Amino acid sequence: MKHDSKHIKALVFDMDGTLWDATESYAEVWNESMRQLGICRSVNVADLHKLMGAPVDAMIDSLVGTDHLGMSHDEFLGLLYTNERTMMPRLGGVLYPGVFDGFVRLSSHYRLMLLSNCSPNGLINFMGYTGLGPFVADHICYGDSPRPKSENLRILLERNGITSAEAVYVGDTQSDCYEAHKAGTIFALMEYGFGNADDADLRFASFHSLTEYFEI
């Protein structure tokens, strides 16, 4: 059944696996951080694909391990975030087909917002690198507000005067779906992303199909 879009005021998007793929660049950031610390381990794209969307503490435990770290998570994060802040504006990522055009078209009908478990500069770097900043009404990330996505989603909606029934969260993993439902919003799965969600409310094979579905 066609979605009754007149009740929806906001589309909130996850970043990685939903709007772009920057895993090659992220791998460079992680590897540079470990190189600077003399940690003889490396991260590849497949490693990151398995962990996309997870809180960064869980990523550190899996990718580095406490036996190799030799410092607190916060100390390692400080280095990781510093390297990301300086490297990602240059390295960037690749937008999935139809994302830029879709944002231009959908921004005429909805408040488009971003919600990610990324670092404090992750969404800012994303908007600057892709040029999507002018079409984004608001954004929040784990690096700025270290809470589960469900709580940050509520915060984002509340400060924009939007109820959970008036929003759709768009992501690509089961955890995205769980957090969206926990916040009381509809969840739309982008099937080309890094995961799956059996209980997604909506499913799209491409960003173009999502745009057509929601466009008035």
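1. In this predicted model, Ala10 stands opposite Arg111, a residue of strand β4. The two strands concerned, β1 and β4 (residues 111-116), run parallel and are joined by 4 bridges.

2. Tyr169 has Phe187 in β7 as its bridge partner. From β6 the chain passes through helix α9 (residues 174-183) to reach β7, and this β-α-β crossover is right-handed.

3. These pairings belong to an open sheet of 6 strands, whose order is β5-β4-β1-β6-β7-β8 and whose pairing is parallel. At the edges lie β5 (138-141) and β8 (202-204), each of which pairs on one side only. From one strand to the next, the twist averages 20°.

4. Because 5 of the 5 residues of β6 (residues 167-171) are buried, the strand is largely enclosed by the rest of the structure. Ala167, Tyr169 and Gly171 point one way from β6, while Val168 and Val170 point the other way, and all are buried.

5. Helix α8 (residues 149-158) lies across β1, β4, β5 and β6, and runs at about 150° to β4. Helix α9 lies across β6 and β7, with a direction at about 165° to β7.

Notes:
Residues numbered from 1 in each chain as written. Predicted model: local features only at pLDDT ≥ 70, side-chain atom pairs only at ≥ 80, totals over all residues. Heavy atoms only, no water. Buried < 20%, exposed > 50% of the residue type's maximum accessible area, 1.4 Å probe, protein only. Pairing = 2+ DSSP bridges. Right-handed = clockwise from strand over helix to strand, strands pointing away. Axes fitted to C-alpha atoms, helices over the stretch in contact; angles between N-to-C directions. Contact = heavy atoms within 4.5 Å.
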